[in-house]
Amino acid sequence: MGAGGAERAIPVQVGRYLVRSTLGAGGMGVVLRAHDPALGRDVAVKLLRPGSDASPKALARFQREARALGRLRHPGIVRVLDADEHEGHPFFVMELIEGESLEDRLQRAGHLPLADALRMGEDLARALHHAHGEGVLHRDVKPGNVLLCADGTALLADFGLAKDLAAASRFSLTAEGATLGTLGFMPPEQFEDARSADVRSDVFSLGATVYAALSGRPPFPATAVRDYYMAMVHGRWPRPTSLRPELPAGVDAVCEGCLAARGVDRYATARDLAEDWPGCDGASRPWPDRDRPARRAARSSRWARSWQRPSATPPPRAGRRAWRP
Ligand SMILES: Nc1ncnc2c1ncn2[C@@H]1O[C@H](COP(=O)(O)OP(=O)(O)O)[C@@H](O)[C@H]1O
Ligand SMILES: [Mg+2]
């Protein structure tokens, strides 16, 4: 972010952080591996891509990502350590995750083993539920935004499209009718208007992400937009067991509870989903009923409504377990 040139190079230093290499790059941002000489450790630094003409909205989103991450504290969410400006450009610093993104893993290995995918699904669903409890929607859960540590732990990253409910009531960074998210993983309501995304939209995207981890491909084609949309609203996606017959039928049922076209037919909360992933291999619990998500949706509607208030806290766990067979 030094001087001159449309194609400005990655800086050698950002604030006090000495850049070592590039970890990843998206539309507007770049994530760098860097060394923090003050604390003698390596970190990940995210900054707006050098040379990009960031609009005020892009800048505001970037700063909002740092703030959203700053208030989330969960073992399944990447931690932010610092935020500052370098030569007038904002950046923030995260713990460095030594591993790879789920997207890279899938490109390398095709799919995850069942046990790893279920553990990942549970970890991420609990992480999402924490974010939702803090009033933060992710809106871009997908394999590129999931980081896998060497020990198999999964973390949710990239809150760049996050929606902060408290701020949203005062002003919106999302234009009316705008589509924000990623084809292949985005639910119909978000496709139509990103502002209508809610807890269940993140549930859909997480379901699509775990589906991809299990089967090695996203549930919906990310080719023609019309085909994608029609496949979503008509529920035309190959069941994971039809792609990998060795998978237990419970996997299909949980995916159905995530990928339903209508939000009301999905798991009402990410925690409901977290509780079903580990049992769907039939090893520790009975396979989920096919109608379980809908029954849960009805039971949880009070929680779903109360979530609309940023200060809301989840209902007590005990009552929610009462119906369990
Ligand atoms: N904290 C981190 N530690 C290690 N690698 C990371 C970290 N955060 C991001 N990355 C890498 O950088 C890539 C892009 O990060 P992301 O936050 O998704 O940025 P973008 O907004 O450009 O998509 C990720 O897919 C991952 O490979
Ligand atoms: Mg990303």
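How far apart are the end C-alpha atoms of helix α1, and what span should its 15 residues cover? In this predicted model, the end C-alpha atoms of α1 (residues 56–70) are 21 Å apart. At 1.5 Å a residue, the helix should span 21 Å, so the two values agree.

Helix α1 has a buried side. Arg61, Phe62, Glu65, Ala66, Ala68 and Leu69 are buried. These residues lie on the same side of α1, because they cover an arc of only 165° around the axis. The face turned away from that buried side carries Pro56 and Lys57, which are exposed.

The loop between α1 and β5 holds Ile77. This residue counts as buried because it has 23 C-beta neighbours inside 10 Å, and the cut-off for burial is 20 or more. Ile77 is 54 residues from Ala131 in sequence. In space, the C-alpha atoms of Ile77 and Ala131 are 8.7 Å apart.

Six strands form an open sheet with antiparallel pairing. Their order is β1-β2-β3-β4-β6-β5. Strands β1 (13–14) and β5 are the edge strands, and each pairs on one side only. In general, strands of a sheet pair through backbone hydrogen bonds, either parallel or antiparallel.

Several strand pairs can be described in detail. Strands β3 and β4 run antiparallel and are joined by eight bridges. Within this pair, Val30 stands opposite Leu47 in β4. Strands β4 and β6 also run antiparallel, with five bridges between them. Here Ala44 has Met94 of β6 as its bridge partner. Six bridges join β5 (residues 80–86) to β6, again in antiparallel fashion. Asp82 stands opposite Val93 in β6.

Strands β5 and β6 form a hairpin with two residues between the strands. Glu87 lies in the loop that links them. Its phi is near 50°, a positive value in a residue other than glycine. Is Glu87 buried or exposed? Glu87 counts as exposed, because it has 11 C-beta neighbours inside 10 Å and the cut-off for exposure is 12 or fewer.

The phi of Asp158 is positive, about 55°, although the residue is not a glycine. Asp158 has 23 C-beta neighbours inside 10 Å and therefore counts as buried. Glu87 also has a positive phi, but Glu87 counts as exposed.

Helix α6 (residues 199–215) has 17 residues. From its first C-alpha to its last, α6 reaches 24 Å. This is close to the 24 Å expected at 1.5 Å a residue. How many of the 17 residues of α6 are buried? The count is 17 of the 17, so α6 is largely enclosed by the rest of the structure. Just after α6 comes Gly216, which takes a positive phi of about 80°.

Definitions and conventions: Residues numbered from 1 in each chain as written. Chains lettered and ligands numbered in written order. Predicted model: local features only at pLDDT ≥ 70, side-chain atom pairs only at ≥ 80, totals over all residues. Helix = DSSP H or I, 4+ residues; strand = E, 2+ residues; numbered from the N terminus. Expected span 1.5 Å × (residues − 1). Arc of directions from axis to C-beta. Pairing = 2+ DSSP bridges.
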